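Here are a few notes to read alongside the coordinates.

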Amino acid sequence: MKFNKKGFMLVETLVVTTLVSTILVTLYVQFSNIINNFNRTFKYNSSDNLYAVYNIENFIRNDKNTDNTEQFYINLQKELDTAIANKTNPYHYVEINTSCTGSSGNVYQVFQCTNFSKIVNFYEIERILFTYSNVNFQDVDYQKLKSPGEDSNFEKFIKSIHPSTTNTDDLNNVENATYRLIVKFKDGEYATLNIIE
Amino acid sequence: MKKKNGFTIVEVIVAFALTMIVVLFLFQIIIMLKNVYNNNVVASDLVVKQSNISYMINSDLLRGQLNFPTSVSQNVNTTNYKCYTISFATGFTRELCYDTSENTISYNDYEFKLVDKSVIGSVSVNLDGGNLFINIPITYPDLDGNYGIKAAVTKN
């Protein structure tokens, strides 16, 4: 029996298609990394955003109630420590309310919220997280910081944060740890600062 | 009988079409990389300028003597050139000027020239409840995002 030899064999077509697809996928993966790194350079910790976080830090550290008997920053530290110690907080952070809608769950409102709202609106801030500075967000403990509904870009930023210590004994050890602010801006930029006591 | 050693016309057409697809993708990647490179050069320049101006204004405003801004006045207001004078309770004053035609921003004794074609948007210098807010939006036609400066003196 004679076969028609004029066209391609199925195997030939499959081999060529596979080769072409492999080349294109490899190129796409390599170049998408370049694009992602390019975007990351301009979206993470820009100097302007770091000053914004510094201003937020200054505000919360100086925030007091009207008769000066309570300090928001001290309360915030206690809430974070107590919640984690009592295991009532499934996440290793507390959140600072960016508007004047009161405290609820693990979201806390500053005393002088009207003034704070003006600053938050000026810098176009979406979320402010308060956590420990020595947490290694790249390992499983990151899950303790992750909240439901968090978008993947914010997750990528959090995973890119380096802990304040490289000492393995101090890593993820919340006792005697210092604190960190993580801020998400409305335009998709992010910044974080260690709070130096 | 005819010899069968050469390619058939179908083989040549299919191979040519496949090659064209690969070349097309490669060209798109080259163009994309060229754009990334060009944008990177401009964006880096804008970010360096942004950092320098931001550092100059923020580090000055965060100094103890400039904690309490008392008034903001616009002392020069022409079409392209505008100046604001900010006064503080301690008697210090600071002058912030910008020129939209020359693309320059000056703060006190320092002047910064932005990249050509960058656009200085609607600048605002406001005093609100003891807080001073300075917003200088800077954009570039081919780039997304704002490379502007935001500085604030907050009171609580």
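Two strands count as paired here if DSSP finds at least two bridges between them. With that in hand, here are my points on this model, which is a predicted one.

1. Let me start with β3(B) and β4(B). These two strands run antiparallel and are joined by four bridges.

2. As for the faces of β4(B), residues 104–107, I105(B) and Y107(B) make up the covered one, while T104(B) and S106(B) make up the uncovered one. In a regular strand, side chains alternate between the two faces of the sheet.

3. Zooming out, these strands belong to an open sheet of five strands in chain B, ordered β1-β2-β3-β4-β5 with antiparallel pairing. Its edges are β1 (69–77) and β5 (110–113) of chain B, each of which pairs on one side only. On average, neighbouring strands are turned by 15° against each other, direction ignored. Within the sheet, seven bridges link β2 (81–88) and β3 (93–99) of chain B, and Y84(B) has L96(B) as its bridge partner.

4. Which strand of chain B is largely enclosed by the rest of the structure? That is β10(B), because five of its five residues are buried. Both of its faces are covered, with I149(B), A151(B) and V153(B) on one side and K150(B) and A152(B) on the other. β10(B) pairs with β8(B) in the antiparallel sense over five bridges, and L132(B) stands opposite V153(B) there.

5. The two chains meet through 31 residues from chain A and 32 residues from chain B. On the chain A side, α1 (10–43), α2 (47–62) and α4 (113–123) each supply at least two residues. The largest share, 10 residues, comes from α1(A). By class, this side of chain A has 17 nonpolar, eight polar and six charged residues.

6. The largest nonpolar core has 59 residues, and I56(A), F130(A), L181(A) and V183(A) touch the most other members. Its largest share, six residues, comes from α2(A). Leaving aside neighbours within four places in sequence, the contacts of L181(A) include V53(A), I56(A), I128(A) and F130(A).

7. Finally, is V29(A) buried or exposed? V29(A), which sits in helix α1 of chain A, counts as exposed because it has 9 C-beta neighbours inside 10 Å, and the cut-off for exposed is 12 or fewer. Its C-alpha atom is separated by 53 Å from that of E70(A), 41 residues apart along the chain.

Definitions and conventions:
Residues numbered from 1 in each chain as written. Chains lettered and ligands numbered in written order. Predicted model: local features only at pLDDT ≥ 70, side-chain atom pairs only at ≥ 80, totals over all residues. Contact = placed C-beta atoms within 7 Å. Nonpolar A, V, L, I, M, F, W, Y, C, P; charged D, E, K, R; others polar. Axes fitted to C-alpha atoms, helices over the stretch in contact; angles between N-to-C directions. Buried ≥ 20, exposed ≤ 12 C-beta atoms within 10 Å, placed from the backbone. Core = buried A, V, L, I, M, F, W, Y, C linked by C-beta atoms within 7 Å.
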